Every structure is written in C-alpha cells, then in structure tokens.
Amino acid sequence: VDADEQFTEAVRDFGYAGGAAWQCAAEDARGDIERQAMVSYNGLARLFGTDEAFFFSTAFGAGTSAPIDKAECETFSKQFQEGMSKAGGQ
C-alpha cells in the first residue's frame with residue numbers, strides 16, 4: 001500500500017469516526033460535530049483536493065447512519081477529536 005492510499009484510508013477512518021461520534025452525541029452536541037466536519041471538509045478540499053474531501057464526507061455520512069456498537073462511542077469521539085487536533089481544527 002502506497003502513501004497516497006494510506007492517507008486516503010486515514011481520511012475515510014477520520015470521516016467515519018466523526019459520523020459515528022455524531023450518531024453517539026446528544027442532540028445539542030451534534031451541531032458542534034457538524035461544524036467540525038465542515039472545517040475538515042473545507043481543509044481537505046483546499047489542501048488535498050475534492051477527491052479527499054469527498055472520501056471524508058461520504059465516510060462521515062456512513063458513520064451517521066451505520067449500525068454501531070454504542071460501547072464504541074467514546075472511541076469514535078476520541079478518534080475524531082484527535083484527528084481535529086492534529087489538523088489544527090480545534
């Protein structure tokens with residue numbers, strides 16, 4: 001697997017974690033996650049192109065609707081927040 005494929009997979013994982021974190025979040029916290037996702041989308045589009053942004057957004061959408069184990073909610077939230085921190089989004 002080359003570096004580009006690894007990056008794309010990391011973008012997808014980050015997007016899915018964000019969507020799952022949104023699914024797990026209380027209704028009043030979902031708006032913050034949505035705003036963070038938009039910051040991520042815009043940053044990816046600006047820095048890496050719309051393909052990477054698209055991969056992020058589709059994975060985010062999948063995370064919002066896929067059946068998830070609620071015991072994993074803390075992990076998804078932590079993964080998304082760590083990704084935001086690494087990207088300078090928070």
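# Exercises on a predicted model

Gly63 is buried, with a relative accessible area of 0%. The model used in these exercises is predicted.

**Exercise 1. Place Gly63 in the fold and find which residues it touches.**

Solution. 
Step 1. Find the element. Gly63 sits in helix 3.
Step 2. List the contacts, leaving out residues up to four places away in sequence. Gly63 touches Tyr16, Gly19, Ala20 and Gln23.
Step 3. Gly63 and Ala26 are 37 residues apart in sequence, and their C-alpha atoms are separated by 15 Å.

**Exercise 2. Is Gln23 buried or exposed, and what does its side chain reach?**

Solution. 
Step 1. Locate the residue. Gln23 belongs to helix 1, which covers residues 3–24.
Step 2. Apply the cut-off. Buried means under 20% relative accessible area. Gln23 has 16% relative accessibility, so it counts as buried.
Step 3. Follow the side chain. The Gln23 side chain reaches the backbone oxygen of Gly63 at 2.8 Å.
Step 4. Collect the contacts, leaving aside neighbours within four places in sequence. Gln23 is in contact with Arg30, Gly63, Thr64, Ser65, Ala66, Ile68 and Lys70.

**Exercise 3. Describe helix 1: its span, its start and its buried residues.**

Solution. 
Step 1. Check the span. Helix 1 has 22 residues. From first C-alpha to last, helix 1 reaches 31 Å, close to the 32 Å expected at 1.5 Å a residue.
Step 2. Look at the start. Asp2 caps the N-terminal end of helix 1. A side-chain oxygen of Asp2 lies 3.2 Å from the backbone nitrogen of Asp4.
Step 3. Pick out the buried residues. They are Thr8, Val11, Phe14, Gly15, Ala17, Gly18, Gly19, Ala20, Ala21, Trp22 and Gln23.
Step 4. Recall the geometry. An α-helix has 3.6 residues a turn, so residues three or four places apart point the same way.
Step 5. Ask what lies over the buried residues. The cover includes helix 2 (30–48), helix 3 (50–65) and helix 4 (73–86).

**Exercise 4. How many disulfides does the structure hold, and which cysteines take part?**

Solution. 
Step 1. Count. The structure holds one disulfide.
Step 2. Name the pair. Cys24 and Cys73 form the disulfide, with sulfur atoms 2.0 Å apart. Their distance meets the cut-off, which is within 2.5 Å.
Step 3. Find the hand. The angle about the S-S bond is -75°, and the link is left-handed.
Step 4. Cys24 is partly exposed, with a relative accessible area of 25%. Cys73 counts as buried, at 15% relative accessibility.
Step 5. Cys24 touches Ile68 and Cys73.
Step 6. Take another pair. Cys24 and Met84 are 60 residues apart along the chain, and their C-alpha atoms are separated by 17 Å.

**Exercise 5. Which way do helix 2 and helix 3 run relative to each other: roughly parallel or roughly antiparallel?**

Solution. 
Step 1. Two packed helices are described by the angle between their axes and the distance between the axes.
Step 2. Read both values. The axes of helix 2 and helix 3 come within 7 Å and cross at roughly 155°.
Step 3. Apply the cut-off. Angles over 145 degrees count as roughly antiparallel. Helix 2 and helix 3 are therefore roughly antiparallel to each other.
Step 4. Name the contact residues. Helix 2 contributes Ile33, Ala37, Ser40, Tyr41, Leu44, Ala45 and Phe48. Helix 3 contributes Thr50, Glu52, Ala53, Phe54, Phe56, Ser57 and Phe60.

Conventions:
Residues numbered from 1 in each chain as written. Predicted model: local features only at pLDDT ≥ 70, side-chain atom pairs only at ≥ 80, totals over all residues. Heavy atoms only, no water. Helix = DSSP H or I, 4+ residues; strand = E, 2+ residues; numbered from the N terminus. Buried < 20%, exposed > 50% of the residue type's maximum accessible area, 1.4 Å probe, protein only. Polar contact = N/O pair within 3.5 Å; in protein donor to acceptor, adjacent residues only side chain to side chain. Contact = heavy atoms within 4.5 Å. Expected span 1.5 Å × (residues − 1). Axes fitted to C-alpha atoms, helices over the stretch in contact; angles between N-to-C directions. Parallel < 35°, antiparallel > 145°, perpendicular 65-115°, else oblique.
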